Each structure stands twice: as structure tokens, then as C-alpha cells.
Amino acid sequence: MIYTNKIYHVDAFTKKPFKGNPAGVMIIDHSVTETWMQNMAAEMNLSETAFLLPSDTGFNIRYFTPTHEVPLCGHATLASAHIVYELGLTSKSKPILFKAKEANLSVERNNDALVMDFPKYPLTKIATPFQFKNMIGFEPLEVYASSYDWIIAVANDENEILSALPDFDLIKKSRLGHLMITAKSDEDEIDFVVRCFAPSLGIDEDPVTGSAHCALTPLWAEKLDKKDMHSLQLSKRTGRLQVGLRDNRVQIMGHAVTIFEASLKI
């Protein structure tokens with residue numbers, strides 16, 4: 001395809017440039033190796049770079065941080081769908097089907113927003129990890145484990161999320177996995193807030209984490225007795241998401257902005 005020598009830098013979960021979570025997006029062919037994709041992701045040095053291989057039904061998609069491949073990524077999927085629609089590779093009236101390593105995903109347009117259909121992650125209540133307060137700065141009300149090594153700690157209020165000071169070296173040494181901290185929002189128009197940390201994957205704090213909402217959505221749906229909610233990720237760049245629980249699936253809605261495209265010289 002004529003786009004295989006292009007890479008796109010997209011800010012996801014935002015309408016404004018330089019907000020949300022940046023992702024790299026590249027459309028590839030079968031000549032691209034796993035090592036090459038990992039090297040390119042390290043070169044981009046974003047939390048994730050997505051690589052799309054066209055198929056008969058849509059696209060196979062793989063996600064790489066600067067140091068590891070990950071099975072699923074929300075903001076890079078949103079960024080990828082944004083580019084596919086922007087390039088006209090799929091009609092804007094039709095959904096885009098993505099096949100990730102461990103899930104089949106779809107994305108469709110809703111006016112100027114994109115709606116992703118993701119799996120719901122299970123939740124298991126666990127004991128508070130050892131030295132948690134030393135790692136983060138507060139004692140959680142409760143802690144859950146979920147898919148892909150996610151640990152979810154529920155704080156007493158939004159201020160504990162804002163003022164948390166994660167010790168990334170201690171988080172890595174504790175083998176805590178991927179950690180999200182969350183609390184009910186103080187704002188009427190926002191239901192819950194969150195911050196996400198994954199230093200073991202080379203991402204100290206992720207700006208906006210779509211896939212985390214596969215666990216956060218069922219958690220807060222039960223706590224708030226609501227199926228449709230608004231989430232605010234309290235990172236430095238910030239990000240806003242609309243989420244909905246639909247049986248065993250989670251719908252995640254957001255916007256994306258293309259920052260630049262580049263032509264490869266290699």
C-alpha cells in the first residue's frame with residue numbers, strides 16, 4: 001500500500017493538540033518483522049505505537065511500548081481508527097474491525113467522536129499489597145486484581161489521586177504489575193477519576209489509558225449504579241472519556257487529533 005512508508009503521530013482522547021495521549025500509527029505489510037516494530041516503537045518513544053496490517057475483514061493490529069509488546073491498548077486503537085477514517089481506507093459510515101493478539105475489537109463513528117467496543121475485564125478483590133502507602137502515598141479503601149496484571153486501588157477521594165507521589169523504582173521492585181488508582185470524582189459532570197502507572201513497561205505514568213477502562217467501567221458501574229459514565233484521567237496532559245457497560249463489553253468513546261505525519265527514509 002502507498003501508506004506503508006508513513007508514520008502518524010496522533011493525540012488520542014482529546015479534541016485539542018498536545019493533550020490526551022500521543023500514539024504512533026503505522027500501516028505495514030508482511031515484510032515488517034517484530035524486531036523492526038519494537039525498534040520503531042523505541043524510536044518514537046511514545047507510550048504505544050500501533051502497527052496495522054490490512055486483512056480481508058479489516059486490520060490486524062499490534063501494540064508496542066518503547067520496551068515491550070502489549071496485548072491491548074485503548075488510545076492506540078482510537079488513534080489507529082482515526083487515521084484509517086482520515087485516509088479514507090474505510091467508509092466513515094462503516095465500523096472498522098481490528099484483530100488484536102487476544103481480542104477482536106471494533107470502532108465506529110458517532111458524529112465527530114469514535115466509539116470503541118472492548119471486552120469487559122473481570123475483577124477480583126485482593127489484600128492491599130505490601131508497602132502500598134510507601135509506593136503511592138495513601139492507604140486504599142480496597143484493591144482489585146484484573147486482566148493483564150492490572151491492579152486497581154480505590155482511594156477515599158479525588159485529592160488522594162491528585163496528590164499521589166508514586167515511587168516508580170519501588171513499584172518495579174514490588175512487581176506490582178500495572179497499577180491504576182481511582183476515586184469518585186468531586187465534579188458533578190465527571191463520575192470517576194484515575195491515574196495509571198506501568199514502569200515495568202517503560203511507562204512511568206500513562207497520560208490516558210483506554211484499556212484500563214475495561215476494568216474501571218464495571219467497577220464504577222456497580223459502585224455508582226450507572227451504566228454510562230464520564231471518566232477524567234488526572235495526568236499532566238489529562239484526558240476525558242465516555243464509557244458504557246453493555247453486558248460483557250465496554251464501550252469507550254473519545255476524540256483524536258493528528259499532529260503530524262512523517263515519511264520514513266529507511
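What follows is a tour of some salt bridges in this predicted model.

There are twelve salt bridges in the structure, and we'll stop at some of them.

**Stop one.** Select Glu 34 and Arg 62. Their side chains meet in a salt bridge, with N to O at 2.7 Å. Glu 34 sits in helix H1 (residues 34–44) and Arg 62 in strand S4 (residues 59–64), so this pair ties together parts 28 residues apart in sequence. Glu 34 is partly exposed at 45% relative accessibility, and Arg 62 is also partly exposed, at 23%.

**Stop two.** Jump to Asp 191 and Lys 226. The closest N and O atoms of this salt bridge are 2.6 Å apart. Which parts of the chain does the pair link? Asp 191 is in the loop between strand S12 (178–184) and strand S13 (192–198), while Lys 226 is in the loop between helix H6 (213–224) and strand S15 (228–233), 35 residues apart. Asp 191 is buried, at 11% relative accessible area, whereas Lys 226 is partly exposed at 33%.

**Stop three.** Finish with Glu 205 and Arg 195, whose side chains form a salt bridge of 2.8 Å, N to O. Glu 205 belongs to strand S14 (residues 203–206) and Arg 195 to strand S13, so parts ten residues apart in sequence are tied together here. Buried or exposed, what is Arg 195? Arg 195 counts as buried, at 8% relative accessibility, while Glu 205 is partly exposed at 25%.

Technical notes: Residues numbered from 1 in each chain as written. Predicted model: local features only at pLDDT ≥ 70, side-chain atom pairs only at ≥ 80, totals over all residues. Heavy atoms only, no water. Salt bridge = Lys/Arg side-chain N within 4 Å of Asp/Glu carboxyl O. Helix = DSSP H or I, 4+ residues; strand = E, 2+ residues; numbered from the N terminus. Buried < 20%, exposed > 50% of the residue type's maximum accessible area, 1.4 Å probe, protein only.
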